Amino acid sequence: MAEKTSAEVIIGGKVYTLSGYEGEEYLQKVATYINNKLGEFQGMEELRHLSGDMKATLLQLNIADDYFKAKTQVEKLEREIEQKEKEIYDLKHDLISNQIKAESDEKARKELEEQNKELLINKAKLEASLEDALLGKVPGKDKTEE
């Protein structure tokens, strides 16, 4: 388990000691966020007349709003990532299927080339036999018989 960290931070002009399992840099970042929110509220003229409790409640509501918007955005991004992962899976599946088909097609092409080669050889033999027969050179015919 991580070691607990403490850090002195200034929030709203007051010094606080924050502690947690995050690093000091993170704790300072949290304090900066709160100070920025306080700064937003101090710049709003319509909030100056409200009591301290009401300002604190509005600040809390504002922070909660930021949290839920961020959470919604994270959920949306997670759904998009899930969809992209599914698309990648489907594309990989298609790629593998196409590679298998390409290998099969290549094998079939080679077999057809071999068959074509054999057929061309047989054709050449048959043409030669036909030519010999037409010219009177029948195989097996003895030359002395002429």
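**Ground rules.** I number residues from 1 along each chain as its sequence is written. Since this is a predicted model, local features need pLDDT of at least 70 and side-chain atom pairs count only at pLDDT 80 or more, while totals for chains, interfaces and linings use all residues, and side-chain values use heavy atoms, with hydrogens and water left out.

**Helix α1.** Helix α1 covers residues 24–42 and reaches 27 Å from first to last C-alpha, close to the 27 Å expected (1.5 Å times one less than its number of residues).

Next I checked burial (buried is under 20% relative accessible area, exposed over 50%, partly exposed in between, with a 1.4 Å probe and protein chains only). Leu27, Ala31, Ile34, Lys37 and Phe41 are the buried residues of α1. Seen down the helix axis, they fall within an arc of 115 degrees, so they line one face (the arc is that of the directions from the axis to the C-beta atoms). Glu25 and Lys29 are exposed on the face turned away from the buried side.

**The largest pocket.** I then looked at its lining (residues with an atom within 4 Å of a point of the pocket, an open set on a 1 Å grid over the protein atoms alone where a 1.4 Å probe fits, with protein on both sides within 12 Å along at least five of seven lines). Leu38, Phe41 and Lys55 are among the lining residues. Helix α2 gives the most, with 4 residues.

Methods: Helices (H or I, at least four residues) and strands (E, at least two) are DSSP runs, numbered from the N terminus.
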